[in-house]
Amino acid sequence: MLRKRIVPAIDVLNDQAVKYVQFRNPTIIGDPAELGKKYTEDGADELIYLDTTASLKNQDLKLEWIQRVAEQVNIPFSVIGGVRTVEDFKNLLRAGADKVGVNSAAVMRPELLKEAADIYGKQCVVLGLDAMPIYNDEGEIVRWEVYTHSGHKKTGLDVVEWAQQAADLGAGEIICTSIHKDGMKNGYDVELIKLLSEKVNIPIIASGGAGKIEHIEEVFSEGKADAALVASMIHYGDYTIGEIKSYLQTKHVNVRHI
Amino acid sequence: MIGIIDYGAGNLHSVLKATKQLGYETKLITSDSDHTDDITKIILPGVGNAKVAMDVLNSTGLSDYLKERVSKGIPLLGICLGMQLLLETSEEGNVPCLGLLKGAVPEFTDESEKIPHMGWNQVKDIQSHFLFENIPDETDFYFVHSYFAKPELQEEILGETNYGINFASVIGNSQVMGVQFHPEKSGKYGIQLLDNFCKQGGK
């Protein structure tokens with residue numbers, strides 16, 4: 001049976017792993033490769049690096065830390081951030097990334113997903129999708145809308161329709177982040193993840209909102225997520241990945257033993 | 001020396017890194033012109049599309065090189081797409097493959113399961129084989145694929161994995177073999193499997 005995956009997310013600025021406080025004021029928490037290795041030993045099933053370096057000037061720096069991660073980590077890792085072209089895919093995969101994520105660039109030019117999948121295969125094309133709920137007058141959620149540019153730009157696209165279109169074009173996996181949940185530590189957007197998992201036939205990684213160990217169980221059992229992204233929970237030392245997995249096993253969530 | 005086939009599309013650096021870290025001498029083989037006779041084992045890694053990969057292998061002469069080396073008794077390990085290419089045909093682009101093992105490569109069609117099959121899943125040993133040495137039965141390995149191998153000969157199904165159906169996740173014989181998962185991305189037991197292949201007959 002296919003296991004549910006626990007996926008640590010590591011923010012990278014220039015060539016350092018950082019954590020953000022209230023989405024700003026990055027503080028360095030270590031070397032991307034060393035941190036990745038540590039989480040691998042703790043039982044991570046996969047890693048996601050979110051490259052928050054704004055400038056393209058640092059392209060060489062980026063390839064260098066990715067190469068270091070590839071040297072030291074023997075589980076799969078994705079790199080997301082700043083990818084715009086098939087050439088970017090090539091460079092990141094060549095540097096050692098197993099998967100490459102695109103977000104805003106895919107909304108602006110959806111064919112990018114197809115072009116990358118045709119050459120490198122769907123399995124390494126990850127769609128980053130940032131979502132916000134739209135409410136009616138009664139305050140009920142009627143649908144979710146896609147946002148780009150780190151959640152700053154409203155696109156008008158319906159989340160489910162965009163996810164289905166992206167999967168048809170060539171995305172092999174979706175990381176769905178609920179912007180209104182991100183950093184709130186009150187749980188994933190279980191309703192949205194469940195909807196996506198039912199409507200889209202590629203794996204869904206739930207992102208945004210995990211604060212307690214129970215939230216992860218909830219997004220797997222109720223949200224039907226294929227993988228759960230964890231960040232601050234483990235970066236701040238509240239939980240280890242081993243503790244998360246042991247807890248999930250007691251709740252009969254099918255996770256990989258270490 | 002271990003030769004690793006580089007056909008452009010795949011991410012082979014992790015395979016290269018893993019074999020180097022295990023202490024084996026390795027060499028990338030990019031076309032028929034730069035192979036050397038001191039290569040005693042070959043790994044055909046893989047990520048990508050079967051049609052694209054076969055086009056490159058054929059146009060560079062690597063297809064003929066692989067067939068010739070195998071006919072001379074050199075052991076060959078295919079990984080993921082590299083494993084699928086060992087068979088006769090793939091439905092991915094409906095392309096003829098290397099034909100070093102009998103069988104075909106169909107696509108997953110079970111609509112109740114998501115495609116690609118992506119993540120950690122268990123391999124059940126079907127036959128004893130040196131690839132499985134020091135690896136417990138039902139060990140988890142990392143898979144990413146939408147097509148799967150269907151060997152014609154039952155005795156060439158070495159290990160199986162369940163994803164809606166039971167499919168052959170380790171195939172082959174004592175010389176030509178393949179694994180559907182990525183040993184280089186499957187933690188310590190994946191590295192053990194690579195070592196099991198590389199150490200046969202000494203370094």
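**Reading the terms from the model**

Guide: Let us start with Asn201(A), which sits in the loop between helix 7 (190-199) and strand 11 (204-207) of chain A; please keep in mind that this is a predicted model.

Visitor: Why is Asn201(A) counted as partly exposed?
Guide: A residue is buried with 20 or more other C-beta atoms within 10 Å of its own and exposed with 12 or fewer; Asn201(A) has 14 such neighbours inside 10 Å, so it counts as partly exposed.

Visitor: Which residues is Asn201(A) in contact with, leaving aside its neighbours within four places in sequence?
Guide: Contact requires C-beta atoms within 7 Å, and on that basis Asn201(A) is in contact with Ala167(A), Lys114(B) and Ile115(B). By contrast, the C-alpha atoms of Asn201(A) and Glu34(A), which are 167 residues apart along the chain, are separated by 34 Å.

Visitor: How many residues does each chain bring to the contact between chain A and chain B?
Guide: Chain A gives 27 residues and chain B gives 30 residues. On the side of chain A that touches chain B, helix 2 (59-72) and helix 5 (111-120) of chain A each supply at least two residues, and the largest share, three residues, comes from helix 5 of chain A. By class, the residues of that side are eleven nonpolar, six polar and ten charged.

Visitor: What makes helix 2 of chain A and helix 3 of chain A oblique to each other?
Guide: The axes of helix 2 and helix 3 (residues 86-95) of chain A come within 8 Å and cross at roughly 40°. Angles under 35 degrees would count as roughly parallel, and 65 to 115 as roughly perpendicular; helix 2 and helix 3 of chain A are therefore oblique. Where they meet, Leu63(A), Ile66(A), Gln67(A) and Ala70(A) in helix 2 face Asn91(A), Leu92(A) and Ala95(A) in helix 3 of chain A, a contact with five nonpolar, two polar and no charged residues.

Visitor: Which residues have the most contacts inside the largest nonpolar core?
Guide: That core has 147 residues, and those with the most contacts inside it are Val100(A), Ile174(A) and Ala228(A). Not counting residues up to four places away in sequence, Ala228(A) touches Ile6(A), Val7(A), Ala206(A), Ala210(A), Ile216(A), Val219(A) and Phe220(A).

Visitor: Why do strand 2 and strand 9 of chain B stand at the edges?
Guide: They belong to an open sheet of nine strands in chain B with the order 2-1-3-4-13-12-11-8-9 and mixed pairing. Strand 2 (26-29) and strand 9 (139-145) of chain B each have a single partner strand, so one side of each is left without a neighbour in the sheet. From one strand to the next, the twist averages 30°.

Visitor: How do you know that strand 4 and strand 13 of chain B pair?
Guide: Pairing needs at least two bridges, and four bridges join strand 4 (residues 76-79) to strand 13 (residues 176-179) of chain B, which run parallel. In strand 13 of chain B, Val176(B) is the bridge partner of Leu76(B).

Visitor: What lies across strand 4 and strand 13 of chain B?
Guide: Helix 5 (residues 187-198) of chain B lies across strands that include these two, and runs at about 85° to strand 9 of chain B; angles from 65 to 115 degrees count as roughly perpendicular.

Note on methods:
Residues numbered from 1 in each chain as written. Chains lettered and ligands numbered in written order. Predicted model: local features only at pLDDT ≥ 70, side-chain atom pairs only at ≥ 80, totals over all residues. Nonpolar A, V, L, I, M, F, W, Y, C, P; charged D, E, K, R; others polar. Core = buried A, V, L, I, M, F, W, Y, C linked by C-beta atoms within 7 Å. Axes fitted to C-alpha atoms, helices over the stretch in contact; angles between N-to-C directions. Parallel < 35°, antiparallel > 145°, perpendicular 65-115°, else oblique.
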